[in-house]
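My entries follow the display.

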Amino acid sequence: GSTIDTVIYHVTANFGGCMSVSPKDFKVAVIPSLPATFLPNGQSFCTGGRTAISISSTLIGTTFSWTFTYGSGNLSGASNGAGNSISQILFNSGFTTDTVTYHITPLNSGCPGTLSNVKVAVYPNPDSWSTPASQIICGGNQTSLLLSSHVSGPSYTWTASCPSPDISGYGPGSGSSIIQTLMNSGLTDQIVTYTVTPSANGCLGISPTIILVTVRRSPVLTNATTF
């Protein structure tokens, strides 16, 4: 059941055929072995997020303690504890989704209840890089930058900037590659800076990737002589 219940033993003494006048009652209180209840029953968030697990029991007066197990050595932030809630900031330094498992034991009147497990998934922050890492193109040609990450299922967005008004064709965008036709109407080489931010599982990369594309000037023929 879900409440403390009682067994009553009615004991009658017998000696030489003589019975005790009235039986003696002995009461034994039996505490149920109940598991803890969690809200929510599981969580998932980006590295650096905080758990918010509320622990309860239908048996009044129950207390709770927990230990934990890491899925790998890439996780940190968890600790053993006690109380009615687990609020801990967890970190994942790897490139795959990892799990912290909390093992929660309820205790009432010195009796441990059923051990329960609750899992928390911790997503990593994705990284990114470009192939090639930088590029030099002639004015009027296209960039060809392939974006990659160690984290599976990434997406990418980028912004683009250039200090010179002579450069055109660049702009913000999204996707796994940056292909833009860049024009240079000036007489000097200029640099377009692409700033790429990866995301995966709703988690943004901490450090954006910077890609520099040098756009060479187009040669201009001067002092031409016509024969």
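These are my notebook entries, grouped by topic.

**Ground rules.** I am working with a predicted model, where local features need pLDDT of at least 70, side-chain atom pairs count only at pLDDT 80 or more, and totals for chains, interfaces and linings use all residues. I number residues from 1 along each chain as its sequence is written, and side-chain values use heavy atoms, with hydrogens and water left out.

**Disulfide.** I looked for cysteine pairs, taking a disulfide as two cysteine sulfur atoms within 2.5 Å. The structure holds one. Cys46 is bonded to Cys203, with the sulfur atoms 2.0 Å apart. I then placed both ends, using DSSP runs numbered from the N terminus (strands are E, at least two residues; helices are H or I, at least four). Cys46 sits in strand S6 (residues 42-46) and Cys203 in strand S27 (residues 203-204), so the bond ties together parts that are 157 residues apart in sequence. I read the S-S torsion of Cys46 and Cys203 as about -100°, so this disulfide is left-handed.

Is each end buried or exposed? I used relative accessible area: buried is under 20%, exposed is over 50%, and partly exposed is in between (1.4 Å probe, protein chains only). Cys203 is buried at 0%. Cys46 is partly exposed at 24%. Cys18 is exposed at 53%, and Cys111 is partly exposed at 33%.

**Salt bridges.** My criterion was a side-chain nitrogen of Lys or Arg within 4 Å of a carboxyl oxygen of Asp or Glu. I found two salt bridges in the structure. Arg216 pairs with Asp189, the closest N and O atoms being 2.8 Å apart. Arg216 lies in strand S28 (residues 209-216) and Asp189 in the loop between strand S25 (181-184) and strand S26 (190-200), so the contact ties together parts that are 27 residues apart in sequence. Arg217 also meets Asp189, at 3.7 Å from N to O. Arg217 is in the segment after S28, so its link to the S25-S26 loop ties together parts that are 28 residues apart in sequence. I noted Asp189, Arg216 and Arg217 as a salt-bridge network.

How accessible are the three members? Asp189 is partly exposed at 29%. Arg216 is partly exposed at 37%. Arg217 is partly exposed at 45%.

**Sheet.** I traced an open antiparallel sheet of three strands, in the order S17-S20-S24. Strands S17 (129-131) and S24 (177-178) are at the edges with a single partner strand each, so one side of each has no neighbour in the sheet. Pairing here requires at least two DSSP bridges between two strands. S20 (residues 145-148) and S24 pair over two bridges, in the antiparallel sense. Which residue of S24 is the bridge partner of Leu146? It is Ser177.

**Nonpolar patch.** I used residues with over 30% relative accessible area and no salt bridge, joining nonpolar side chains (Val, Leu, Ile, Met, Phe, Trp, Tyr) within 5 Å and like charges within 9 Å. Val7, Tyr9, Val11, Phe26, Val28 and Val30 make up a nonpolar surface patch. Together they have about 510 Å² of accessible area, by the Shrake-Rupley method with a 1.4 Å probe, where only the protein chains shown count as cover for residues. Strands S1 (5-11) and S4 (24-30) each supply at least two of the patch residues. I checked Val30 individually. Val30 is in strand S4 and is partly exposed at 43%.
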